[in-house]
Amino acid sequence: MGRKFFVGGNWKCNGTVEQVESIVNTLNAGQIASTDVVEVVVSPPYVFLPTVKGKLRPEIQVAAQNCWVKKGGAFTGEVSAEMLVNLGVPWVILGHSERRSLMGESSEFVGEKVAYALAQGLKVIACVGETLEQREAGSTMAVVAEQTKAIADKIKDWTNVVVAYEPVWAIGTGKVATPAQAQEVHANLRDWLKTNVSPEVAESTRIIYGGSVTGASCKELAGQPDVDGFLVGGASLKPEFIDIINAATVKSA
């Protein structure tokens, strides 16, 4: 059995009660491919997680955008993995480039977060990716491998991990890696997993692409053999997110 296509929608720090209800209504009314074809997860800001989980059609899951690296306590402003489990939130995004660059999260810190979240029973969308300077310097794979190794060093079971390759230069910029560029990094990342983790993990782990994915670019990207889905930013707030979800049918055709 092949890897099931995976589409995540990262709403980032956006939304009001009214906007969130509108997005949920659009998703609930949309014609989307069956759960046999695609796994869909949306990630609203923390404050809207219970609302979205309660009102969204059951085949679309929810994810938190981050969580703390250890058990809760005197960590003002943080949200623990245990709290997410208690709320029935199954997924969390960790290591997003905005956390790395704006909050100074190191690869090692991200690796620890992934390990702790998994240990509490969460499933993890783990993000890796290079900046424009790193790509132009020819160090894309070195950067992505270093970020992935920091996770691999901390975990043994990859069953509940989805790896999101997000070239930082293509996030929110309108630039999209060409299908060939995305496929190249995904294939290299899968080879890295095969060599450094195991052939089984390399074959079964979903590697999804994130970086200004739109309704216009999704089908060609989805057609690449090592692109197993998307982590969508701005477009996940718009009706075209339905089209991006349905790009999964390219794989099942």
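On a 1 Å grid over the protein atoms alone, a pocket is an open set of points with protein on both sides within 12 Å along at least five of seven lines, a cavity is a set where a 1.4 Å probe fits but cannot get out, and lining residues are those with an atom within 4 Å of a point. Grid points are joined across faces, edges and corners, and a volume is the space filled by probe spheres set on the points. The model described here is predicted, so that local features need pLDDT of at least 70 and side-chain atom pairs count only at pLDDT 80 or more, while totals for chains, interfaces and linings use all residues. Residues are numbered from 1 along each chain as its sequence is written, and side-chain values use heavy atoms, with hydrogens and water left out.

Helices (H or I, at least four residues) and strands (E, at least two) are DSSP runs numbered from the N terminus, and two strands pair if DSSP finds at least two bridges between them. Strand β5 (residues 123-128) runs parallel to β6 (161-165) and is joined to it by five bridges, with V124 standing opposite V161 of β6. On to strand β7 (residues 207-209), β6 is linked by three bridges, again in a parallel arrangement, and here Y165 has Y209 as its bridge partner.

Burial is judged by relative accessible area, where buried means under 20%, exposed over 50% and partly exposed in between, with a 1.4 Å probe and protein chains only. Because five of the five residues of β6 are buried, this strand is largely enclosed by the rest of the structure; V161, V163 and Y165 point one way from β6, whereas V162 and A164 point the other way. Strand β4 (residues 91-94) is likewise covered on both faces, with W91 and I93 buried on one side and V92 and L94 buried on the other. Two bridges join β4 to the parallel strand β3 (residues 60-64), and A63 is the residue that stands opposite W91.

A nonpolar core is a set of buried Ala, Val, Leu, Ile, Met, Phe, Trp, Tyr and Cys residues joined through side-chain atoms within 4.5 Å. The largest such core has 70 residues, and those with the most contacts inside it are Y209 and F230. Contact means heavy atoms within 4.5 Å, and, not counting residues up to four places away in sequence, F230 touches among others F5, F6, V7, I208, Y209, L221 and I244. A second, separate core of 11 residues includes A63, C127, V162 and L231. In soluble globular proteins, nonpolar side chains tend to be buried together.

T148 lies in helix α7 and counts as buried because its relative accessibility is 2%; with residues up to four places away in sequence left out, T148 touches V128, W158, L189, W192 and L193. K156, in the loop between α7 and β6, is instead exposed, since its relative accessible area is 82%.

The open spaces can now be taken in turn. For the classes of lining residues, Ala, Val, Leu, Ile, Met, Phe, Trp, Tyr, Cys and Pro count as nonpolar, Asp, Glu, Lys and Arg as charged, and the others, Gly among them, as polar. The largest pocket has a volume of about 410 Å³ and is lined by 16 residues, of which C13, Q65, N66, R99 and M103 lie nearest its centre. Helix α4 (residues 97-103) supplies the largest share of this lining, four residues, and by class the lining has seven nonpolar, five polar and four charged residues.

The second largest pocket, with a volume of about 260 Å³, is lined by 22 residues, and G172, S212, G233, G234 and A235 lie nearest its centre. Its lining has eight nonpolar, 11 polar and three charged residues. S212 sits in the loop between β7 and α10 (218-222) and has a positive phi of about 55° although it is not a glycine; S212 counts as buried because its relative accessible area is 19%.

The structure also holds one cavity of 30 Å³ or more. Its lining includes H96, R100, C127, V128 and E166, and the elements that give two or more residues to this lining are α4 and β5.
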